[in-house]
Amino acid sequence: MSISEVVVPQLSESVSEATLLTWKKAAGSFVEADEILIEVETDKVVLEVPAPASGVLTEIVKGDGSLVASGELLAKIDTAAKATAAPAAVPAVATSTPVTAPVAAAPTSAGAAGVASPAANKILAEKGMSAQGMSGSGRDGRVTKADALSAQPAPAAPMAAAPVTAQPMPVSLDGRAEQRVPMSRLRARIAERLLQSQQQNAILTTFNEVNMQGIIELRNRYKDKFEKEHGVKLGFMSFFVKAAIAALKRYPLINASIDGKDIIYHGYFDIGIAVGSPRGLVVPILRNADQMTIADIEKAIADFGRRAADGKLGIEEMTGGTFSISNGGVFGSMLSTPIINPPQAAILGVHATKDRAVVENGQVVVRPMNYLALSYDHRLIDGREAVLGLVAMKEALEDPQRMLLEI
């Protein structure tokens, strides 16, 4: 027997422990190298734990929901059991005739019948199929990617009943029913940090309005060419990032932070972009955003959104930051007072752009207006710097050509 250990990935220095979610393989199952066995949830991200080698998962040391630390042993894999993986994987149900019958139909290749590579499993899942009971063309009957591509869904797929029991029970709206569930580590951490921010910072918010006509016209003129050239859609967020950087350069105190009784002025611009995910709000960082082009920013934000939805953002991508932007406008928000993300000293809230009646040169006209909110730590930033900083963002947004030319 040759044992390979499955351990908790290295967590960041600021994360002392994590929570195991649900094991994707049972003890006794055959696993392929790099196949994801379980996910580990920290207060910032969800980390995938892959199998370090192929073999039989002989022992699960830490069960679902366990609290674990960096490097802690989670499970053991017998890497010498490759050729006999399937018999070892089902000893507990071997007495059940209905379960073993499909495997018995192919005795000469049953060693890995029903076992598929990760790529094959993904293809089968997309087809609504399972490798269970399949005898593939791989070693000992293992289902390969080619087998999965050629497989056709049957009218009654073996795994058809599984999703029914796997779905969470919906909360009843009748009869005053209640459902109690524990907070995820991320949600608990969000609650802790927001409360800490409110208690430890002297938060004040200043508002202004911006006419988005110039940016809308610029975007409409070039959005098709931009997407064709760069492979990403031209949104509005990149303009807000550029406008914020222009203001931060003029008023560096807004880009600073407090450390004890010291003020730290940052000679770089790491902009946090608040992104909603199924697990809660996360704030990945655009490093050296002042050195990024509009296309670079749009690509990075699109990538953040995709990986946030899949829980693929790394801890290091959400650590640090000198200033943040939160765009509640994508959800229809008209106005809000965003909370500072410590240890930063300020955050910009962006809202929905709506046609509104405004007065220009004594005439009432309709313009696409957006309300901006700048929350700041009044211990560090006075009202003068905050107001002027937000005005600088407004002026940059209302004259995007000058902003992009940096004049």
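Strand 6 (residues 55–60) and strand 8 (residues 73–78) run antiparallel and are joined by four bridges; two strands count as paired here if DSSP finds at least two bridges between them. Strands are DSSP runs of E with at least two residues, helices are runs of H or I with at least four, and both are numbered from the N terminus. Within this pair, Val 56 stands opposite Asp 78 in strand 8. Strand 6 has another antiparallel partner, strand 3 (residues 30–31), held by two bridges. There, Val 31 sits opposite Gly 55 in strand 6.

Before going on, a word on what you're looking at: it's a predicted model, with local features needing pLDDT of at least 70 and side-chain atom pairs counting only at pLDDT 80 or more, while totals for chains, interfaces and linings use all residues. Residues are numbered from 1 along each chain as its sequence is written, and side-chain values use heavy atoms, with hydrogens and water left out.

Follow the chain past strand 3 and look at the loop between strand 3 and strand 4, where you find Asp 34. Asp 34 is not a glycine, yet its phi is positive, about 75°. Is Asp 34 buried or exposed? With a relative accessible area of 59%, Asp 34 is exposed; the cut-offs are under 20% for buried and over 50% for exposed, with partly exposed in between (1.4 Å probe, protein chains only).

Now for the helices. The expected span is 1.5 Å times one less than the number of residues. Leu 186, Arg 189, Ile 190 and Ser 197 are buried in helix 6. Looking down the axis of helix 6, its buried residues fall within an arc of 105°, so they line one face; the arc is taken from the directions that run from the helix axis to the C-beta atoms. What do these buried residues pack against? Their partners are strand 4 (36–41), strand 9 (203–211) and strand 14 (280–282), with contact meaning heavy atoms within 4.5 Å. On the face turned away from the buried side, helix 6 carries the exposed residues Leu 195 and Gln 199.

Helix 9 (residues 294–310) has 17 residues and reaches 25 Å from first C-alpha to last, close to the expected 24 Å. Its buried residues include Ile 294, Glu 298, Phe 304 and Arg 307. After helix 9 comes Gly 311, with a positive phi near 70°.

Further along, Ser 324 belongs to strand 16 (residues 323–327). Ser 324 counts as buried because its relative accessibility is 2%. Its side chain makes a polar contact of 2.7 Å with the side chain of Gln 344. Such a contact is a pair of N or O atoms within 3.5 Å; within protein, one must be able to donate a hydrogen and the other to accept it, and residues adjacent in sequence count only if both atoms are side-chain atoms. Leaving out residues up to four places away in sequence, Ser 324 also touches others, including Gly 272, Val 283 and Asn 341.

The loop between strand 16 and strand 17 (346–350) holds Pro 343, and the peptide bond from Pro 342 to Pro 343 is cis, with omega near 5°.

Finally, Asn 361 lies in the loop between strand 18 (354–360) and strand 19 (363–377). Asn 361 has a positive phi near 55° and is exposed, with a relative accessible area of 82%.
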